Amino acid sequence: MTVYLNGEFMPIEQAKIPVLDRGFIFGDGVYEVIPVYSRRAFRLAEHLARLNASLSAIRIDNPYSNARWSELLEHIIAANPWDDQGVYLQVTRGVAPRNHLFPKGLTPTVFIMADALVTPARALVESGAPAVVLQDFRWLRCDIKSVSLLGNCLLRTLAADQGAIEAILVRDGFLTEASASNIFIVRSGIVLTPPKSHLMLPGITYDVVLEILRSNGIAHEVRPVTEAELRTADEVWCTSSAKEVLAITTLDAKPVGHGADAGKPGPAFARIYPLYQQFKAKFMRAHAPTHAPTRGQD
Ligand code: PDD
């Protein structure tokens, strides 16, 4: 695997950072995960805009222009063997003696890596996945894509303890999101999802799903969703760059939905899933891939 660290491309084994990096000491940094389909970075401009928002929220100057980010990402995509990739990038404040106060004038640490993109297998898409509902005990700035993910990791592990793939989170009686995805529900034929706020990550996939709902005239509302509405929904979906749109078919081991369809992906999911795949296919037709591997040429 070829990675990028602070101005250089190298095999991952050679990438090293000092122990006083504030990312290591304080979790003082932000990140992005960008899905790449057939060597095309999906929604790159939107991911770079969210990166910029996360950086400015924690007062780190963006180390690169969008053009420079695009070049670096193209290089990583071309240098790695998979056509479909999950590209991970991280920016930390940099290296400094341990002190809570943000030091000024540090050189940020920039790291980029890629891995094979693993989207849900057909069997999982067809069966749907189990989730549990947990109290959202994270901080109040979940809109920042911070590398400090201890709360999310603990919640995801609590979900796994119960055999679930996701922890769907509620705070003060309202749905926020899940440990690593956003949540949509369906009630009486209307798709519902909470509005963006400091309590959830503004998902790029969330925006794509809303765009698809709008452009296909599918009834939907962006409004606060109560825990009771979540627990009695006809359908529940989670969305993320890695999961795309995935039906949640049990909540706390109880089937989601009613009647014969209970515990199975519902009719609204059967509509949104192919529309999402078509959206991706259209995107791939409209964008040229990055060029053949450049390894060894520079
Ligand atoms: N996670 N909410 C949280 C807490 C997330 O961590 C993520 C994504 C999302 C969905 O965002 P997007 O649609 O932009 O992927 C929502 C990534 C995939 C991760 O941390 O690996």
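Which polar backbone atom lies 2.9 Å from an oxygen atom of the ligand? In this predicted model, the atom in question belongs to the backbone of Ile204.

## Ligand site

Arg50 places a polar side-chain atom 2.8 Å from an oxygen atom of the ligand, while an N or O atom in the side chain of Lys145 lies 3.4 Å from a nitrogen atom of the ligand. The protein buries 88% of the 480 Å² that the ligand exposes when taken alone. The shell holds 19 residues, of which Tyr31, Arg50, Glu177, Thr205 and Ser241 come nearest to the ligand. Sorted by class, the shell comprises 9 polar, 6 nonpolar and 4 charged residues.

## Overall fold

The chain contains 15 strands and 8 helices. Its C-alpha atoms occupy a box of roughly 60 × 45 × 30 Å along the principal axes.

## Helices α3 and α8

Helix α3, with 14 residues (66-79), should span 20 Å, and the distance of 20 Å between its end C-alpha atoms agrees. Helix α8, with 20 residues (267-286), should span 28 Å; its end C-alpha atoms are 29 Å apart, which again agrees.

The buried residues of α3 are Trp69, Leu72, Leu73, His75, Ile76, Ile77, Ala78 and Ala79. In α8, the buried set consists of Ala268, Phe269, Ile272, Tyr273, Leu275, Tyr276, Lys280, Phe283 and Met284. As background to such lists, an α-helix has 3.6 residues a turn, so residues three or four places apart point the same way. Among the buried positions of α8 are Phe269, Ile272, Tyr276, Lys280 and Phe283; those of α3 include Trp69, Leu72 and Ile76.

## Loop residues

Asn6 is found between β1 (2-5) and β2 (8-11), and Arg59 occupies the loop between α2 (44-57) and α3. Val256 is placed in the loop between β15 (254-255) and α8. Their relative accessible areas are set out below.

| Residue | Relative accessible area | Class |
|---|---|---|
| Asn6 | 42% | partly exposed |
| Arg59 | 70% | exposed |
| Val256 | 5% | buried |

Most residues other than glycine have a negative phi. Asn6, however, has a positive phi near 45 degrees, and the phi of Arg59 is likewise positive, near 60 degrees. Arg59 counts as exposed because its relative accessible area of 70% is over the 50% cut-off. Val256, by contrast, is buried because its 5% falls under 20%. Val256 also takes part in a pairing across the sequence: Val256 and Pro130 are 126 residues apart along the chain, yet their C-alpha atoms are 9.4 Å apart in space.

Methods: Residues are numbered from 1 along each chain as its sequence is written. This is a predicted model: local features need pLDDT of at least 70, side-chain atom pairs count only at pLDDT 80 or more; totals for chains, interfaces and linings use all residues. Side-chain values use heavy atoms; hydrogens and water are left out. Helices (H or I, at least four residues) and strands (E, at least two) are DSSP runs, numbered from the N terminus. The expected span of a helix is 1.5 Å times one less than its number of residues. Buried means under 20% relative accessible area, exposed over 50%, partly exposed in between (1.4 Å probe, protein chains only). A residue is near a molecule or strand if one of its heavy atoms lies within 4 Å of it. A polar contact is a pair of N or O atoms within 3.5 Å; within protein, one must be able to donate a hydrogen and the other to accept it, and residues adjacent in sequence count only if both atoms are side-chain atoms. Accessible areas come from the Shrake-Rupley method with a 1.4 Å probe; for residues, only the protein chains shown count as cover. Ala, Val, Leu, Ile, Met, Phe, Trp, Tyr, Cys and Pro count as nonpolar, Asp, Glu, Lys and Arg as charged, and the others, Gly among them, as polar.
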